[in-house]
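Dear colleague,

I am handing over the structure below, and after it I set out what was found. Please read the notes with the structure open beside them.

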Amino acid sequence: MRITRALAAAGLAAAFLIGAAYTPQAVAGELPGDTRFFNNPDSLVNKWVAANPDDSRQPRIASRIASQPQAAWFSRYSPATVTEDVRKVASAASAKGQTPVLVTYQIPNRDCGGASAGGAPDLASYDTWVRGFAAGLGSGPAVIILEPDSIALISCLSPTELSGRYASLARAATAIHSANPNARVYFDAGHSAWNSAAVQAARLRSAGVLTSGDGIYSNVSNFRRTADEVTFTKSVLAQLGASSGLTAVIDTSRNGNGPAPDNAWCDPHGRKVGENPTANTRDPAIDAYLWVKPPGEVDGCAGPAGTFAPDYAYELAG
């Protein structure tokens, strides 16, 4: 949906109603190396494993994929239930002493009309949805992956729409921190084969990462090798300034074999899962390797985007 100047201006004014600017902590706020991430029993892969004990693919998928903690995506626009939906995940993680990884994926003009098109109908609705999301977080530690592709993919937006998006992302992070100061919010850095570090850093500044974020993330739903993403995210962080206190997380869910030879991004064959999720990266700039994109939940070519495809999961787990 096209966002009007009036709506963007109204959204900017609403920022003052959500809370004061957030200042990331350079050391104290970083994820401890012994952080245990939440493996949600209600994830699509865990449900498939439980429902298919006799499937020949089940043992490999269970041992290599279902055994690992993965992010929970909030990609369906359901403002009436989002608070309870988030609370269910956050409270289950808290009960186990684990940290959930939650992905907000509702920004208007999501994916610029691609396979994952959708999101909230407008920025005012998005702001309301995010406040509902934040209200379900509780008070325990949480990792928030804020709107994949929202900063790296902006080709479909007019200057006015882009300004409105940046302001809304900053408001979203501030709302999350106001609701749960123990939540860490990471902003979109794309990946190493997309925009340059300088370009991405400039966009991140415009989106308020220096005042509203804890760090950046890269490689979500992509296949770039971990070493390349470490180098890239450090370059982005350097562009943002050593005094920013920001750090990075990297999606390693499907990068075990690196990118496809033709750089295909939509469910390419021959890929493998990468490093298991961990906060013990031994690198002070990198908070964690995470499985943000759940392996087996497809991009839109091997099945409808976000659905679980056991054949693709089996291939990734090999």
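Cys112 and Cys156 are joined by a disulfide, with an S to S distance of 2.1 Å, where a disulfide is taken as a pair of cysteine sulfur atoms within 2.5 Å. Please note that this is a predicted model, in which local features need pLDDT of at least 70 and side-chain atom pairs count only at pLDDT 80 or more, while totals for chains, interfaces and linings use all residues. Residues are numbered from 1 along each chain as its sequence is written, and side-chain values use heavy atoms, with hydrogens and water left out.

By this distance rule there are 2 disulfides. Cys266 lies in the loop between S6 and S7 and Cys301 in the loop between S7 and helix H10 (310-317), so the bond ties together parts that are 35 residues apart in sequence; helices (H or I, at least four residues) and strands (E, at least two) are DSSP runs, numbered from the N terminus. Cys266 is buried at 15% relative accessible area, whereas Cys301 is exposed at 56% (buried is under 20%, exposed over 50%, partly exposed in between, with a 1.4 Å probe and protein chains only).

Strand S6 (residues 247-251) has 5 of its 5 residues buried. S6 pairs in the parallel sense with strand S5 (residues 215-218) over 4 bridges, and 4 bridges also join S6 to strand S7 (residues 286-290), again running parallel; pairing requires that DSSP finds at least two bridges between two strands.

Best regards
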